[in-house]
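Subject: Structure for you to look at

Hello,

Here is the structure I promised to pass on. Please open it and keep it beside this email while you read.

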Amino acid sequence: MKKHLPNAITCLNLFCGCLALYFAFNQQLHYAAYLVGIAAAFDFMDGLLARALKAYSEIGKQLDSLADMVSFGVVPGTIMFGLLSRADATPTGISEDVLPFFGFVITIFSALRLAKFNIDTRQAESFIGVPTPACSIFISSLPLLLEASPLLYEDFILNPFFLLAITFIFSYLLIAELPLFALKFKNYSWQDNKTRFIFLILAIILLALIKFAAIPLIIVLYIILSVIKKTSQT
């Protein structure tokens with residue numbers, strides 16, 4: 001029973017991804033975004049539980065990647081498809097029937113990222129390239145901002161050039177040779193986890209101050225702190 005408990009949590013991640021797809025294809029993008037957040041929580045919990053119970057297995061590793069491909073690969077691509085469907089394609093010169101399909105570039109690069117992660121022995125304690133949950137959370141924050149304050153964010157977020165830029169930038173970051181820290185604590189000393197603690201403190205402050213608007217900023221902060229950490233070590 002102990003061995004299968006982390007896999008059960010992984011299946012909940014997958015179930016959230018399936019539900020998110022349903023809402024995304026029905027243009028209820030904010031509900032899809034909430035489910036991405038819940039899926040990310042389950043994704044964090046299954047790894048935490050596996051380490052705590054020492055319940056590692058090859059099937060668990062493969063199941064985790066398959067679940068992530070749905071929740072953090074197919075879902076963000078579908079959310080971007082939905083956002084691009086609402087954007088005005090005219091300034092881009094791309095047909096409005098074609099433009100939304102650029103969103104699935106994220107799905108393709110998420111698959112490449114997950115495949116790379118599974119065979120890259122350098123990523124046991126940290127990440128090389130932006131993890132798929134971080135990319136998915138950033139993209140999912142956009143419909144939440146639209147839902148919370150449409151008058152404030154609509155012109156900016158539904159700008160097709162902005163959406164295409166986000167699509168291609170994050171597609172690149174998923175597979176880039178960019179070292180990023182993981183939120184894995186071997187101990188809780190300040191010296192060994194300074195970057196992690198600074199990130200968590202700033203993330204909490206941002207969430208308290210600006211709520212949903214903090215989510216994309218937190219992902220950007222995560223990337224910046226990772227770069228600073230790497231620079232300070234070289």
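Is Gln 27 buried, partly exposed or exposed? Gln 27 is partly exposed, because its relative accessible area is 36%. Keep in mind that this is a predicted model.

**Two loop residues**

Stay with Gln 27 for a moment. You will find Gln 27 in the loop between α1 and α2. Phi of Gln 27 is near 60 degrees. That is a positive value, and Gln 27 is not a glycine. Most residues other than glycine have a negative phi.

Now go to Lys 211. Lys 211 sits in the loop between α8 and α9. Lys 211 also is not a glycine, and its phi is positive, at about 55 degrees. Lys 211 has a relative accessible area of 56%, so it counts as exposed. The cut-off for exposed is over 50%.

**The core**

Next, look inside. The largest nonpolar core has 56 residues. Ile 79, Met 80, Leu 83 and Leu 163 touch the most other members.

Pick out Met 80. Neighbours within four places in sequence are left aside here. Met 80 is then in contact with Gly 103, Ile 106, Ile 139, Leu 163, Ile 166 and Thr 167.

**Two helix pairs**

Two packed helices are described by the angle between their axes and the distance between the axes.

Start with α3 and α7. Their axes are 9 Å apart, and the packing angle is about 160 degrees. An angle over 145 degrees counts as roughly antiparallel, so α3 is roughly antiparallel to α7. The crossing of α3 past α7 is left-handed. On the α3 side, Met 80, Leu 83 and Leu 84 make the contact. On the α7 side, the contact is made by Pro 160, Leu 163, Leu 164, Ile 166 and Thr 167.

Then take α2 and α5. Their axes come within 8 Å and cross at roughly 150 degrees. This crossing is left-handed. From α2, the residues in the contact include Leu 29, His 30, Ala 33 and Tyr 34. From α5, they include Pro 133, Ser 136, Ile 137 and Ser 140.

Asn 193 has 2% relative accessibility, so it counts as buried. The cut-off for buried is under 20%. The side chain of Asn 193 reaches the backbone oxygen of Ser 189 at 3.1 Å. Leaving aside neighbours within four places in sequence, Asn 193 is in contact with Lys 184, Phe 185, Asn 187 and Tyr 188.

Leu 207 counts as partly exposed, because its relative accessibility is 42%. Again leaving aside neighbours within four places, Leu 207 is in contact with Ala 214, Ile 215 and Ile 218. Gly 73 is 134 residues from Leu 207 in sequence. In space, their C-alpha atoms are 25 Å apart.

Last, find Lys 230 in α9. Its relative accessible area is 38%, so Lys 230 is partly exposed. Lys 230 and Leu 178 are 52 residues apart along the chain. How far apart are their C-alpha atoms? The separation is 9.2 Å.

Best wishes

Key
Residues are numbered from 1 along each chain as its sequence is written. This is a predicted model: local features need pLDDT of at least 70, side-chain atom pairs count only at pLDDT 80 or more; totals for chains, interfaces and linings use all residues. Side-chain values use heavy atoms; hydrogens and water are left out. Buried means under 20% relative accessible area, exposed over 50%, partly exposed in between (1.4 Å probe, protein chains only). A polar contact is a pair of N or O atoms within 3.5 Å; within protein, one must be able to donate a hydrogen and the other to accept it, and residues adjacent in sequence count only if both atoms are side-chain atoms. Contact means heavy atoms within 4.5 Å. A nonpolar core is a set of buried Ala, Val, Leu, Ile, Met, Phe, Trp, Tyr and Cys residues joined through side-chain atoms within 4.5 Å. Axes are lines fitted to C-alpha atoms, for helices over the stretch in contact, and angles run from 0 to 180 degrees between N-to-C directions. Helices (H or I, at least four residues) and strands (E, at least two) are DSSP runs, numbered from the N terminus. Angles under 35 degrees count as roughly parallel, over 145 as roughly antiparallel, 65 to 115 as roughly perpendicular and the rest as oblique. A crossing is left-handed if the near helix is turned anticlockwise from the far one by less than a right angle, and right-handed if clockwise.
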